[in-house]
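Have a look at the side chains as you read along.

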Amino acid sequence: MRKYRIRPILATACLLSLCHLQAQTPRARPLYPQGAPDSNGLPPENVRTTQDIVFGATEADYLAYPADADRATGQAVVICPGGGYAAVCFDHEGIQVARWLNERGITAVVLRYRMPNGHPDIPIEDALAAIRMVREKARLWHVDPHRVGIMGFSAGGHLASTVSTHFENDSQRPDFSILIYPVISMDSITHQGSKDNLLGTNAPAELAERYSNEKQVTDQTPRAFIALSDDDNGVPPANSIGYYSALKKHNVPAELHVYPSGGHGWGWRDSFEYHDELRASLGRWLEEIRK
C-alpha cells in the first residue's frame, strides 16, 4: 500500500496554526451517511484528527454554517481546505472563513474530503457531492441553487479548480470559484507533494496533463477570484497566473490579487499582513457577482 507524504507546505499551512476551534463549531456530519461509495486504500485505523487537522481521511464529512433567514443573500460556498492532499487543515482554511462568510449572509460548508492516495477521482467525487448536497438543501438553507460556489486553499485550491474545469453537467458546475494560493498545475511548477499524493509517484504525462487545470479551462468555466503572495515559495505564483491567463483567453471573468509578501498558508489568519485588503476585496466581489 502506497504511503502518502506530508511535505513542508503542510507544516506551514497547518501545524503552525495558533487558532483553536470555538465552542459554537457545528457537529461534523457524514457526507455519505451509508459510507463512502469506494475506498481510497488508506487504513481507517490510521486516520488522525486534531483540533484543526484531519490526517489521512478515509471518510468525508462536513461542517455546515447555514445563513440566517433574515440575512441570507442566497449565496453558498463549499470550502475545500488545503493540506497537500495528505490532510485537511479545516480551521484557518475552513472554519474561520466559514464564520466570516456566515456573518455576511452567505451559507458555508467546510468539506473535510477524503485523501486521494493516488486516486484523483476520490476527492473530486466528494467535492461534487458537497455541491449537490448544498443545492438539494437550498430551500432549507435559504440558498439560491444558482449561486453555489466553491473555494479552495492550496491543494484544496487544486480541488476547487478541478471541479470548476472537469464538471460534466450543469448540476455539477459551481457558479463561481475562490482560489487562495492554489495548486493548479501538475507540471513543472506544481507542488510535488500534492502531485504525488493526488496522482501517485511517477504519474504518466497524460494524467498530469489532465489534472493541470490551466489546460482544462473552457468558456464554461465559472468566474474566479484568485489571491496569493508574490513570495510564495511553496506553490509558485505561476500556478495562479496560468489559470488567470487561461480564464482571460476564454473570456471568463476573473480577478487576480497578488500581495507583496505573506508566503504560503496564511489562510484566514489575522497575522497575514494583508488580511484586511483580502477580506474587503473578496466581500466586494461576492456582493458584485450576486447583483
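**Aromatic contacts at a glance**

Tyr181 and Trp266 are both buried. Keep in mind that this is a predicted model. Across the whole structure, a search turns up eleven aromatic pairs, and two of the topics below look at pairs in detail.

**Phe176 and Trp285**
- The ring centres of Phe176 and Trp285 are 6.0 Å apart and their planes meet at 80°, which is over 60, so this pair counts as edge-to-face.
- Phe176 belongs to strand β9 (residues 176-180) and Trp285 to helix α8 (residues 275-289), so their contact ties together parts that lie 109 residues apart in sequence.
- Phe176 is buried, and Trp285 is buried too.

**Tyr181 and Trp266**
- Tyr181 pairs edge-to-face with Trp266, at 4.9 Å centre to centre and with 80° between the planes.
- Tyr181 sits in the loop between β9 and α5 (192-199), while Trp266 sits in the loop between β11 (254-259) and α8, so this pair links parts 85 residues apart in sequence.
- Tyr181 and Trp266 also belong to one aromatic cluster, together with Phe153, Tyr259, Phe272 and Tyr274.

**Charges over rings**
- Arg48 places its charged end over the ring of Phe55, 4.2 Å from the ring centre.
- Arg112 has its charged end over the ring of Phe90, 4.6 Å from the centre of that ring.

Note on methods. Residues numbered from 1 in each chain as written. Predicted model: local features only at pLDDT ≥ 70, side-chain atom pairs only at ≥ 80, totals over all residues. Heavy atoms only, no water. Phe/Tyr/Trp six-rings, centres within 6.5 Å; stacked < 30°, edge-to-face > 60°. Helix = DSSP H or I, 4+ residues; strand = E, 2+ residues; numbered from the N terminus. Buried < 20%, exposed > 50% of the residue type's maximum accessible area, 1.4 Å probe, protein only. Lys NZ or Arg CZ within 6 Å of the ring centre and 35° of its normal.
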